[in-house]
Amino acid sequence: MEIERSDDGATVELAMIGELTIFGAAETYGMLTRVLSEKRDLRIHLGRVTEIDSSGVQILLAAKRAAEKQGHAFSLVAHSEAVLEVMDLMQLSPVFGDPVVVPAQAA
Amino acid sequence: MNLEPALEAFFAEADELLTRMEESLLGLESAPDDSELINDIFRAAHTIKGTAGVFGFDDVVRFTHEVESVLDRVRDGEIAVTPDVIGLFLRNKDHIGALVRAVAEKTDIDDAQRADGETQLAELRVLLGKPAAVPAATGLVAADKPAVGASAPDMESGSGNWHLSLRFGTDVLRGGMDPLSFLRYLRTLGDIVHLTTVIEALPNWLKLDPESCYLGFEIDFRSDASKAEIEGVFEFVRDECVLHIVPPHAQVSEYISVIRALPEDVTMLGEMLVASGALTRAELERGLALQAGAASAAVEPTAEGEQPAAAVAPPPLGEILVETGAVSPGVVDAALTRQKQVKDAKAQEARSLRIDADKLDQLIELVGELVVASAGVQNVAQMLAQSQLTEASEVLSRLVEEVRDQALSLRMVQIGATFQRFQRVVRDVSRDLGKDIELQISGADTELDKTVVERIGDPLMHLVRNSMDHGIEPTEVRIAAGKSARAKVMLNAYHEAGSIVIDVADDGGGLNRAKILRKAIERGLVPEENQLSDREIDRLIFEPGFSTADAVSNLSGRGVGMDVVRRDIEALRGTVEIDTEPGKGTRIRIRLPLTLAIIDGFRVGIDKASFVLPVDMIVECVELAGATRDAARIRGYLDMRGEVLPLLWLRQVFDIHSDAPPRRENVVVVQFGQTKAGIVVDHLMGEHQTVIRPLGKLFSSLRGVSGSTILGSGEIALILDVAGLMKMAVSGTTVSQAELAGSAG
Amino acid sequence: MAKTIMVVDDSSSLRQVVSLALKSAGYDVFEAADGKDALSKLTGQKVHLVISDVNMPNMDGITFVKEMRKLAAYKFTPVIMLTTENQESKKAEGQAAGAKAWMVKPFKPDQMLMAVSKLCLP
């Protein structure tokens, strides 16, 4: 699990790289806690997530709630195939409400 | 990776399994109800499918799967075993063999074989009630599917689907269990029509433990799987999650109809629900635990210190199960109704009571004492010759007799269960012998003393096996003799003149008298020149050491002869008769006393002590006096009309000394089996109904005594064990001689 | 990408059967003969599932799971423990050590695959 941070002034973008699973849950939580404390709009880039499990989904859901409670935007972008599979399984797209680009072969 | 060695093993194993499958199928032809055979066949198909699956031999798996499905139905009794079905299975077996061979030789089966396989599959599907032509229809079904899913999702989430409500425990992730993996697996059992991820339990960010699980799911699930299978998906997290499985409506009515048809021996509510499939075993266990918890909670005060409701009964299981959502109220109602029906039926059928056998024995012992006491009263009444007392004592003694008869009848049990055991024996043994034999049972409701029932099993077993082994002719012989190929062995029981009669009969070849006589002469059992009647010849088979089997089979030739059967039956104070007609069959008739607790005794005396001998073992009584007496004393035996009769002085056996030796003695000639002996006593005191009381453990090793009885006078008399005494008489002759010689010199 | 499963059992024939079944279903499998051997083979690579016997020489299954849980890369790896009969006390001990899933030996390859599929499909 690696997280790349970039900042375009208005929004903080975190790119999750590798596994977003229980193995890195504590680390991810720590990183997100720091970012949330900055009280900025958040964008999570999921294009390089190779695997995501329940803990990963939970963290994203909780982070979204926390950010929106602060009055900041929270969006997920560039869902990788692994993320899409789980979103589909848990039928979470309406919950996150992010536009999802479905790759042609997965339809 | 080199699969070759494992493959070799698979081919060898498949070969062996198919051979066994064929053997069992052939066996099934003659025994279509043999569940073991059906199981064997099922296991063979199942193992082949399982292993082939491991190796990825999909053709074998696909074909064997259908065979296995049909076998499964056969095993459940839903499909009858007909010659046609067996024929189909035999062809299936050949086809599986062809498929396995093709894999082994890395070739394909030829077109004819392939066509044959498809035909067989179609036939199997017809048995399963599926449309026969599945492959052709695949295109249609595939085209249909999305349309249904897209156009009517609401209808689908209605009554046709299962509903699963799931809440995972907080620790599942830490244990390596990902709820998503179970959802993925669930999809292999059916379609997730609709799913809502429940995140209400997710705490605020700062309270979030990223390694805890807060998720839940509400799932509409379309599947043919059973409730237990669906629950099984979550087996590894079952203890840590809350799971409710609500069956589709159609399924509910299915459960209800299954419950209505449940066999009557399933009477517990939980078991009924599990049997119907409405409740899984795990749900039942949780429900029972809740019930037990509620029961103990009702006793202890609650944490808040509130007073518990006084002695509240735990809530009924049905209520708990409905409340926890494990089953729907309708199903519970159906089960309760069925339960009541069964209970009512049972209550009407048999108003019987189970009683500890020991209690019964105590009662009978007391009744025995009552008989004795009443005899005592009668003695006194006679002595006093007071008419009112005599009359009263007579009434008393008549009532006591009735009480005695009633009490003894309590020990009576039906012989049916004992007879029924032989069904299996006859089936197994006849298969071993290659004979077609059926067992006919009649009089299964005949009652006899519990002890007799327990001890008659072995002799009956021997007689039945003997009939099958020696009595019933080989099938060819039967057919040649114009008899039906299927032979009969009959067990029949009935009451006759105060005794129980058990017949073991067969319609076999009857006894071969010439052969029996020849054997008996060979063995020196009868002198060659003796002219024996047919009946006498027949009885020879009961002689010790007699066996007519030319080749001792492993069934009857267990080193136990018919003499042992006779001895066992005589030990129960019974008799054996034989009645045989060459070419027509043989009947062995066992006659047993109604009860063992009371016998007709013959009282004898030594000095002032009384002893009782069973009347039916006594042949005659002879006076022993004068010169004969002196000679007998020296020799230890008596010359009885040219026969040597070993003698036993009861006085010596029990070491009774008296100052004045008796002037006269009597010999009671007893017979046990073929052996006779004389028991020397002082007085003969006549017949006397005797209530047998067992001796205590302390005296269990005492030889020559089998029990005691109390006489009308209140005296105790020992009941003599004739068989034991006889052994002493026959073997101990020299000892008593030596002792006598010593005392004389 | 195929999922990787480690099979730990001192019986080589059982390892072989389990491995064959798993490989035929599409998993990558590697084997270890006991707990010690298994620990030495866990070098940080991704393992999706561990199947381990309980009774083994050198290091038993429960000790192995306890040790494995100390390694960051395997702290949450699912484990199926294989047990001969209902060793309830062992089961409680094993679950405390982090082995939640239990399977009773003997089992058919199908059953094994089913249990494995519940935790990770190939």
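Where is A:K39 found? I looked there first. A:K39 sits in the loop between α1 (25-37) and β3 (41-52) of chain A. I am working from a predicted model, and I keep that in mind throughout.

**Entry 1: positive phi**

I checked the backbone at A:K39. Its phi is positive, about 55°, although the residue is not a glycine.

I place B:K106 in the loop between α4 (83-104) and α5 (111-128) of chain B. B:K106 counts as exposed because it has 6 C-beta neighbours inside 10 Å.

**Entry 2: chain A**

I listed the elements of chain A. There are four helices and four strands. From the N terminus they run β-β-α-β-α-β-α-α. Of the 107 residues in this chain, 36% count as buried. I took the contacts in chain A between residues at least 6 apart in sequence; 70% of them join residues at least 24 apart.

**Entry 3: cores**

I went to the largest nonpolar core next. It has 92 residues, and those with the most contacts inside it are A:A63, C:I5, C:I51, C:I80 and C:V116. Helix α2 (residues 54-70) of chain A gives the most to this core, with seven residues. I noted another core apart from it, of 37 residues, among them B:I415, B:V452, B:A487 and B:F542.

Which residues is A:A63 in contact with, leaving aside its neighbours within four places in sequence? I read off A:L32, A:L36, A:F74 and B:W205.

**Entry 4: chain B and its side towards chain C**

I turned to the totals for chain B. Its secondary structure comes to 26 helices and 21 strands. Buried residues make up 31% of its 745 residues. Among contacts in chain B between residues at least 6 apart in sequence, I find that 67% join residues at least 24 apart.

I then looked at the contacts with chain C. Here 19 residues of chain B are in contact with 20 residues of chain C. On the chain B side, α2 (35-55) and α8 (179-187) each supply at least two residues. By class, I have 10 nonpolar, seven polar and two charged residues on that side.

**Entry 5: a sheet in chain B**

I traced an open sheet of five strands in chain B. The order is β6-β8-β9-β11-β10, with mixed pairing. Why is one side of β6 (437-442) and of β10 left without a neighbour in the sheet? Both strands stand at the edges, each with a single partner strand, so one side of each has no neighbour there. I get an average twist of 15° from one strand to the next.

I followed two of the pairings. β8 (residues 487-496) and β9 (residues 499-506) of chain B pair in the antiparallel sense over eight bridges. The bridge partner of B:A493 in β9(B) is B:I502.

β10 (residues 575-581) and β11 (residues 585-593) of chain B also run antiparallel, joined by seven bridges. B:V576 has B:I590 in β11(B) as its bridge partner. I checked the turn of this hairpin. There are three residues between the strands, and B:G583 takes a positive phi near 85°.

Last, I looked for a helix on the sheet. Helix α17 (residues 416-433) of chain B lies across β6 and β8 of chain B. I note that α17 runs at about 170° to β6(B).

Terms used
Residues numbered from 1 in each chain as written. Chains lettered and ligands numbered in written order. Predicted model: local features only at pLDDT ≥ 70, side-chain atom pairs only at ≥ 80, totals over all residues. Contact = placed C-beta atoms within 7 Å. Nonpolar A, V, L, I, M, F, W, Y, C, P; charged D, E, K, R; others polar. Core = buried A, V, L, I, M, F, W, Y, C linked by C-beta atoms within 7 Å. Buried ≥ 20, exposed ≤ 12 C-beta atoms within 10 Å, placed from the backbone. Pairing = 2+ DSSP bridges. Axes fitted to C-alpha atoms, helices over the stretch in contact; angles between N-to-C directions.
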